[in-house]
Amino acid sequence: MASSSSQFAFSLHDGSLTVGGAVLLSGVPSNIALSPFQVDPSSSDAPAHLLEQATAATGRGAFLGFTAPAATDRAPCRIGQLAGRRFLSVFRFKTWWSTMRAGDKGRDVQPETQWVLLDAPELGPGGCVFVLPLVQGSFRSAIFPSEDDEDGLVLCAESGSPAVTGTDFGRIAYVHAGTDPYKVIREAYVAARVHLGTFKLIEEKALPPTAERFGWCTWDAFYLTVDPAGVWQGVSEFTDASVPPRFIVIDDGWQSANRDDDPPHADTPGLVLCGGQMTARLYRLDEGERFRRYRAVGLKAFLKDMRQRFPSLDDVYVWQALCGAWGGVRPGTAALDTVVEPARLSPGLAGTMDDLAVDRIVEGGIGLVQPQHAGKLYDAMHSCLAGAGVTGVKVDVINTLEYVCAEHGGRVELAKAYYAGLSDSIAANFEGTGIIASMEQCNDFFFLGTRQVSMARAGDDFWLGNGDDAYWLQGVHMVNCSYNSLWMGQFVRPDWDMFQSDHVCAAFHAASRAVSGSPIYVSDSLGCHNFALLKTLVFPDGTLPLCLHYALPTRDCLFKNPLSDQETVLKMWNLNKFGGVIGAFNCQGAGWDPAERRIRGHAHCYKAVTGEVHPTDVEWGQREETAAMADAAEFAVYKHHSGELFLMTPQSEPIHFTLQPSSYEIFTFAPVTPVAGGATQFASVGVVDMLNCGGTIAHVGGDGAEVMVKVKGAGRLVVYSSARPERCTVDGSEAAFEWGVGGKLEVAVYWKKDKEGGSEVVFSY
């Protein structure tokens with residue numbers, strides 16, 4: 001039922017911030033103010049449909065801000081108390097990485113919180129309020145817990161430069177209310193897009209081809225010792241096993257970099273593991289010595305030979321840091337105006353996790369190409385790479401700009417200069433899409449750096465672990481990615497990072513990638529593969545049965561802690577062309593420890609948990625092309641592990657299940673529809689040899705007494721049919737099939753290279 005905008009009107013009176021009668025914050029100081037959000041089409045570069053959406057939602061949002069008592073470069077301001085209301089938030093636990101935090105008191109909020117979603121059942125089922133710190137002028141903001149009020153919240157605006165001060169922060173945050181949490185978050189970012197005009201939403205940008213293809217990254221295979229022979233061997237192993245990478249990422253270790261005390265024109269020798277390279281700087285902008293030695297010609301010849309030997313290899317990306325290398329650029333390199341700047345951490349990062357990378361960068365400083373020449377740096381690097389056959393870059397170590405911003409107009413102004421140069425270079429050299437952003441999970445980047453970027457990392461690195469953490473770290477990774485996707489998915493396609501197919505938790509990772517909607521790539525070492533597992537993710541041509549959307553936590557997980565509350569299963573929903581999918585994961589066993597300022601294992605949580613799943617867990621209405629499926633009277637449900645197929649209605653009791661630690665289940669939902677003149681009920685599940693079997697269905701149609709299903713892939717096509725068909729054909733040839741109790745109908749399909757793996761299956765009744 002539609003609700004009037006007045007139901008969601010925000011009010012600030014007598015020290016209380018309210019919406020629709022719900023008190024969100026109490027004890028609000030007198031210098032806090034609300035102001036209306038209004039759309040002025042003449043002052044926004046947003047496309048017309050976004051202007052229309054923002055205008056339609058203006059009654060559900062408002063700016064939240066304050067006035068500082070004196071001009072300052074860092075203005076922490078108490079905004080009131082939060083007590084007794086459930087919330088979900090995302091905060092930075094490292095400079096570059098963020099994760100979720102749920103609670104119900106102000107003291108549960110962590111420093112450097114990027115946003116807060118408040119549970120507001122007073123507004124109706126699904127009622128919630130989104131609190132979004134923004135950028136205003138040369139200041140960015142984040143939320144902090146109060147140091148002297150255990151339930152108090154602080155909104156902090158900072159420029160990062162003593163020379164850049166202000167007092168007016170009237171539009172430094174935005175609040176938005178509604179009864180659909182996914183819609184509320186989206187509408188808030190649409191409002192920010194229209195208001196700021198400094199970024200683009202994902203729907204405004206094209207995705208790179210890598211978003212829909214399988215790939216291999218060299219990092220865990222070689223670390224800093226990557227060389228042409230190793231890359232060649234790796235691609236060969238995958239290709240020979242019929243799991244061809246359509247893209248590769250040549251990660252850190254390929255560049256021409258050295259440290260200040262090394263000879264100025266030679267690579268630093270002996271670098272193997274991370275740490276040593278973090279004080280190194282670029283001394284030239286092309287490939288390092290190991291790649292320059294290839295046939296005495298270099299990277300260009302190597303990539304030409306690779307493509308001749310492996311014609312399915314479409315894209316080659318290489319790694320770089322935002323400032324060039326971890327330590328930036330060596331002064332005197334390529335006639336660039338470069339200064340080694342001391343690295344200083346913002347006070348807000350004092351509560352983040354200790355990090356070797358931060359320590360080394362602070363130790364060595366950053367060789368910063370001056371901001372007016374940032375575009376020159378990127379174009380010089382990228383035009384050289386493009387000329388060698390490189391089609392994109394993985395840009396890492398992004399958030400270090402805030403360490404060196406003090407003398408350059410502050411963090412916002414320095415970021416604008418660098419991101420403008422980067423965006424222009426990506427557009428000029430890599431067809432506008434050839435970039436993966438990484439180590440970027442701060443609102444500065446998303447508000448200022450995503451004009452061109454359409455794919456970015458959604459979680460911390462995949463860590464192998466070397467003991468118990470080989471298990472619990474994997475659940476941490478999944479929780480980070482799924483909850484971060486709530487906000488990052490507004491700007492970019494979330495990238496869930498690589499994993500290794502022979503890891504002890506490889507199947508756990510593979511299942512999460514299958515439903516994630518993310519590109520899928522691995523970092524297998526040479527000779528260390530589980531090709532059988534990879535073939536449940538990847539088609540023989542290196543493409544993927546990709547979901548339509550990006551995976552998000554289900555509503556019943558939004559205000560829970562699936563890492564250490566000992567009861568919550570992480571459930572993620574996603575959509576396919578002809579159905580939906582729920583991935584259920586037992587991630588219990590770890591979590592953020594505020595006292596120790598680190599993520600650590602909790603052995604007492606690493607145990608079996610129970611959960612339940614229902615067709616209404618799938619957010620059918622989040623995409624126009626799947627919205628009608630919500631109205632289905634019945635669904636066929638397929639359980640991946642057991643292969644069971646059964647029916648549910650929207651009124652059915654949920655399916656109950658138990659998951660052991662670090663284990664999963666995938667539930668595929670397909671709406672049941674009448675066929676054959678209404679005499680038979682039918683639903684297409686998919687090729688169940690693939691983890692996202694629903695993603696294998698390309699088309700479902702019918703005429704008279706026939707149903708035609710087009711699929712991609714090889715294996716067992718499963719559909720639900722209330723009646724046994726009289727015959728079945730696959731690509732026009734008679735085919736054997738099995739029809740069992742409960743209506744499970746199964747037929748074999750085969751990979752046909754000349755049809756790009758497609759099969760046309762017809763059931764006749």
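Start at the second largest pocket, which holds about 870 Å³ of space. Here a pocket is an open set of points on a 1 Å grid over the protein atoms alone, with protein on both sides within 12 Å along at least five of seven lines, and lining residues have an atom within 4 Å of a point. Its volume is the space filled by probe spheres set on the points, which are joined across faces, edges and corners.

Select Lys 94, Cys 274, Asp 460, Asp 461 and Trp 463: of the 40 lining residues, these are the closest to the centre of the second largest pocket. Now colour helix α11, which gives the largest share of that lining, six residues. (Helices are DSSP runs of H or I with at least four residues, strands runs of E with at least two, numbered from the N terminus.)

A word on the model: it is predicted, with local features needing pLDDT of at least 70 and side-chain atom pairs pLDDT 80 or more, while totals for chains, interfaces and linings use all residues. Residues are numbered from 1 along each chain as its sequence is written, and side-chain values use heavy atoms, leaving out hydrogens and water.

Next, move to the largest pocket, with about 1,100 Å³ of space.

The whole structure has 37 aromatic pairs; rings of Phe, Tyr and Trp (its six-membered ring) pair if their centres lie within 6.5 Å, and planes under 30 degrees apart are stacked, over 60 edge-to-face and the rest tilted. Pick Tyr 189 and Phe 491, an edge-to-face pair at 5.2 Å centre to centre with 75 degrees between the planes. Tyr 189 sits in α2 and Phe 491 in the loop between α11 and β25, so the pair ties together parts 302 residues apart in sequence. Are they buried or exposed? Tyr 189 is buried at 1% relative accessible area, and Phe 491 is buried at 0%; buried means under 20%, exposed over 50% and partly exposed in between, with a 1.4 Å probe and protein chains only.

Last stop: Arg 74, whose charged end sits over the ring of Phe 144, 5.6 Å from its centre. That label requires NZ of Lys or CZ of Arg within 6 Å of the ring centre and within 35 degrees of the ring normal.

Technical notes: On a 1 Å grid over the protein atoms alone, a cavity is a set of points where a 1.4 Å probe fits but cannot get out, and a pocket is an open set with protein on both sides within 12 Å along at least five of seven lines; lining residues have an atom within 4 Å of a point.
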